Each structure stands twice: as C-alpha cells, then as structure tokens.
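Here is a quick tour for anyone meeting this structure for the first time. Have a look at the sequence and the model, then read on.

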Amino acid sequence: MDFDFDADQLAFVAEVRAFLDEVRQWPDAADIMCPERESDSILADTPARKAFNRELAKRGYLGLSWPKEYGGQGRPGIYEYLLNEELSRVGAPLIGKGVGCVGQTLIRHGSEKLKQEFLPKILRAEVEFALGYSEPHAGSDLAALKLRAEREGNGWRINGQKMFTTSAHFADWYWLAARTDFDAPKHKGISVFLVPMDQPGITIHPIETMGEHVTNQVFIDNVFVEEAYLVGELNKGWTYICEALDYERFTFYTFSPLEEKLIAIRELLRHTVRNQNSVLDEPQIRRRLAKLTAEVETAKMLQRRVIYASTLGRVPSIEAAMCKLYSTALHQRLADFALDSLGANGLLHKDEADAPADGKWEWSYRATALDTIGAGTSEIQKNIIARRALELPLKY
C-alpha cells in the first residue's frame, strides 16, 4: 500500500494551505480557526463561519466530487478528504453534510424539483441541513425508529421525536427519516423527507453535554410535508441512509487532529517545569509519550486503509469500523495522558486564567467521550468487526 499522495493531490493540499493562510489574516479569524475546540458545532452558527463557508463555495471547494452536470468538478472523493484534513488541522469548519449525504443522495435519487431547489444552494453555501436519524429508542439501531409519517391528501402527516440532532438549532431544512410502512420489516418501511425547520409543529430543545457539544432533541407534532419533498422512492430510505454514509467515507476520518494533539501535548510538557526540570525529561512521561506516538502512527495507518479501500471502489465498512474504534479511543488516551502529566493544574477549566494551554486538555477529557458514541458507538464498531471481519456468529 502506498501511503503517499500523488503530485496533483499534494499540489491541491498546498493550495488549500495557502487559502487557510489567507483566512488567518481575516479580522475574525479566531472565530473560524479554533484548533483547541473539540466540537465543530460549538461555533457552528456564527457570521464568521457562514462567511468562511461562502468563501469555500467561491473558491470551488464545495462539491468537488459532484458530477460536472450538477455544478461539481467531477474529482475523485480523495480531494474532499484532503480538504477536510487540512480544515480539521486548523480547527476550521468542515465541508458539511449538505455537500455529502444530502447533495450526493439528491443527485442520485432526488426528483428534478429537489435537485433544482437544493443543489445550487448547497454549492453556494446558502442552506444548512440537520440529520433527523436518532430517536430515544433508536440510536445505533437506526432501523428501529418509530417516528411516523402517514399519508394525507397530497402529502404526509408526521409525528414523533428525534434525539441528538446536532444542527437543529440553526439548520434551514431537516433531512428526516420516518417510518412509512408500519407492517414491513424494520429496514424496509423507512422513507426520507426534506422538511423546513421553521415548519409549525417542530419544537427544538437543546441538550447540554459534558463536552459542551451542541445537540438537540426535536419534537414533531402534526407536521405536514408535501409529496414533492419525499426523497426518492417510498420505503427506500434505509438504502439512501446507508448510501449517504458511503458518500461521506472520504471525509469522516481525518487524522490531523490526532497528530496536532500529540505535537501540542509534547510541546506543552517540554515547557512545563516540575522540580526545576522539564516534565518531558521524566522517564515515565517519555515512555508513555513514546507509546502514544506509536499509537498515533497506527491510527494513521488505519485511516489510510479506509481511504485506500475507498479508492478501489469498495465500501470500507470493516476498515472504517477499525479506524473509528481505535482513533476515538486514542483521543481519550491522549487526554488522559495530558491530565496525568500536568497534575492538579491540568484539571483547571478553560475559564480559569492559569489553566495550562487555556484548559484545552480538561476540555478534551470531557469532550472526547462523546466521540466514542457519535456516528456509531464503540460497541457497534466492535460488532461490525466481529461479524464482518472475524465472521463470528450472532449467538453462541
């Protein structure tokens, strides 16, 4: 396996880095590039972020892999991965779900009306989407969702509840999975709708998390959706959801935040003095740091396997599960190491003036627990590896 990128890909990386250097000169650059924050949603709905997204659109960075007939550039998906890698390295907002799961699904399955209404807005960064998947009793087991969409006249009447909708508090449209056939097997009776977030009957309640990640629960009471906003075919929603994850495979698994964290903690410990010596000189610290350095390289290898499998045209479900399981746990181990090494001072909150690294590591300790849950829990990743890679039986 070749770990290196080709000349055109490296030139694209250099171009993106030059663009980000320009952004650093913006007056509100600190509101856009925040590498110390753990969650891209913390500053999701700000004028600076929206201006940055519009600039991404202006530079042609949105829809890189879309077909040219829909306004894209027809590039391989690896370019969207490279773009997100550089954005995540500096803590800038990533290209969103509109370009990936929503846009790509509409290109493949959407009606001409939906394509004409949404695709140009996505490419111009004029519309935000929220994904309405998880429910109180249907998180990782998404096919167990119970939100009901019942046919009424020229549309559908929808009732139910969604949980952990990250973008609901600022999104314009809801990409909503609902059950439309109540007698079919659970994977067969799901459809996807596009619903305006300001529709009467939609109530949004914020959910506070220990990592200050912004998410929401959403109540949907007698919301009417016109037939035209059914995405694709009726009862084919499960297929579209799975395909959407496939479209996102190039952009889900960025490696650079791990690498940047490792560099940051190493430099912080180098300049942290204990007993008149650098903490980095302590043998037990050096041993743990060496082990973590090797583990970061392992995470890089696992992430490259996801990308490599994708370039061969395979859906890298096993590789992605391994990468997600290992890398999210490694984020936690880095935070654990940082707090252990910094001692009592490491526990200071980011609002405390004397907090080391402005409280990044105490924040990281709280926030990284969420990464092992979102986008499929660690337990689900283990199940995928056990069943698909090791071919273990469901029952013993």
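## A serine in helix α8

S256 sits in helix α8, which covers residues 256-270; helices here are DSSP runs of H or I with at least four residues, strands are E runs of at least two, and both are numbered from the N terminus. S256 counts as buried because its relative accessibility is 0% (buried is under 20% relative accessible area, exposed over 50%, partly exposed in between, with a 1.4 Å probe and protein chains only).

Which residues does S256 contact, leaving aside neighbours within four places in sequence? They are E85, S88 and R89, where contact means heavy atoms within 4.5 Å. A polar atom of the S256 side chain lies 3.4 Å from the backbone nitrogen of R89.

## About the model

This is a predicted model, where local features need pLDDT of at least 70 and side-chain atom pairs count only at pLDDT 80 or more, while totals for chains, interfaces and linings use all residues. Residues are numbered from 1 along each chain as its sequence is written, and side-chain values use heavy atoms, leaving out hydrogens and water.

Helix α3 takes in residues 78-89. Since 11 of its 12 residues are buried, α3 is largely enclosed by the rest of the structure. The buried ones include Y79, L82, E85 and S88. After α3 comes G91, with a positive phi near 75 degrees.

## The nonpolar cores

The largest nonpolar core has 71 residues, and F52, L106, I158, F193, L194 and V195 touch the most other members. A nonpolar core is a set of buried Ala, Val, Leu, Ile, Met, Phe, Trp, Tyr and Cys residues joined through side-chain atoms within 4.5 Å. Not counting residues up to four places away in sequence, L106 touches several residues, including F118, W175 and V231. A second, separate core of 20 residues includes I265, L268, L334 and A338.

## The whole chain

Stepping back, the chain has 12 helices and 10 strands. Buried residues make up 49% of its 396 residues. Its C-alpha atoms fill a box of roughly 75 × 55 × 45 Å along the principal axes.

Definitions and conventions:
A polar contact is a pair of N or O atoms within 3.5 Å; within protein, one must be able to donate a hydrogen and the other to accept it, and residues adjacent in sequence count only if both atoms are side-chain atoms. The expected span of a helix is 1.5 Å times one less than its number of residues.
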